[in-house]
Amino acid sequence: MAMPANVKVVSSGYFAPELARDWFETEAGQRQVAAMPRRRRMDEDVLDAALLHLLSAESRCMTDVDIRIDDGQAL
């Protein structure tokens with residue numbers, strides 16, 4: 001009998017990974033950031049704690065989880 005999957009997701013907002021850094025330095029990228037509720041991008045390391053928790057034994061009974069870490073960008 002197959003074990004059912006525990007679906008765990010981290011939905012992130014905009015941050016500046018290496019591929020997008022140049023974009024956020026452009027005028028259009030700056031306008032995009034200015035339109036965000038808190039007028040900033042997130043640092044990549046803010047995702048670490050949530051990811052580590054979801055990979056830990058403490059989350060073994062969590063199912064169908066979507067943790068939104070977006071610094072208010074989805075508002």
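Is R68 buried or exposed in this model? The model is predicted. R68 counts as exposed, at 59% relative accessibility. Its salt-bridge partner is D70, with N and O 4.0 Å apart. D70 is buried, its relative accessible area being 11%.

D70 lies in the segment after strand 2. A polar atom of its side chain is placed 3.0 Å from the backbone nitrogen of G72. Beyond its sequence neighbours up to four places away, D70 touches S12, G13 and M42.

D71 also belongs to the segment after strand 2. Its relative accessibility is 17%. The cut-off for burial is under 20%, so D71 counts as buried. The phi of D71 is positive, about 55°, although the residue is not a glycine. Most residues other than glycine have a negative phi. D64 sits in the loop between helix 3 (48-55) and strand 2 (65-69). With a relative accessible area of 69%, D64 is exposed.

Five salt bridges are counted in total. One of them joins D71 to R40, with the closest N and O atoms 2.5 Å apart. R40 lies in the loop between helix 2 and helix 3, so the pair ties together parts that are 31 residues apart in sequence. R40 counts as partly exposed, at 41% relative accessibility. Salt bridges with shared partners join R38, R40 and D71 into one network.

Another salt bridge is formed by the side chains of E44 and R21, at 3.2 Å from N to O. This pair links distant parts of the chain, 23 residues apart. E44 is in the loop between helix 2 (27-34) and helix 3, whereas R21 is in helix 1. E44 is partly exposed, with a relative accessible area of 36%. R21 is partly exposed too, at 40%.

Aromatic pairing was also examined. The count comes to one pair. The ring centres of Y14 and F24 are 6.3 Å apart, and their planes stand at 75°. Edge-to-face pairs require planes over 60 degrees apart, so the Y14 and F24 rings are edge-to-face. The pair links distant parts of the chain, ten residues apart. Y14 is in the loop between strand 1 (8-12) and helix 1 (21-25), and F24 is in helix 1. Y14 counts as partly exposed, at 44% relative accessibility. F24 is buried, with a relative accessible area of 3%.

Definitions and conventions: Residues numbered from 1 in each chain as written. Predicted model: local features only at pLDDT ≥ 70, side-chain atom pairs only at ≥ 80, totals over all residues. Heavy atoms only, no water. Helix = DSSP H or I, 4+ residues; strand = E, 2+ residues; numbered from the N terminus. Buried < 20%, exposed > 50% of the residue type's maximum accessible area, 1.4 Å probe, protein only. Polar contact = N/O pair within 3.5 Å; in protein donor to acceptor, adjacent residues only side chain to side chain. Contact = heavy atoms within 4.5 Å. Phe/Tyr/Trp six-rings, centres within 6.5 Å; stacked < 30°, edge-to-face > 60°.
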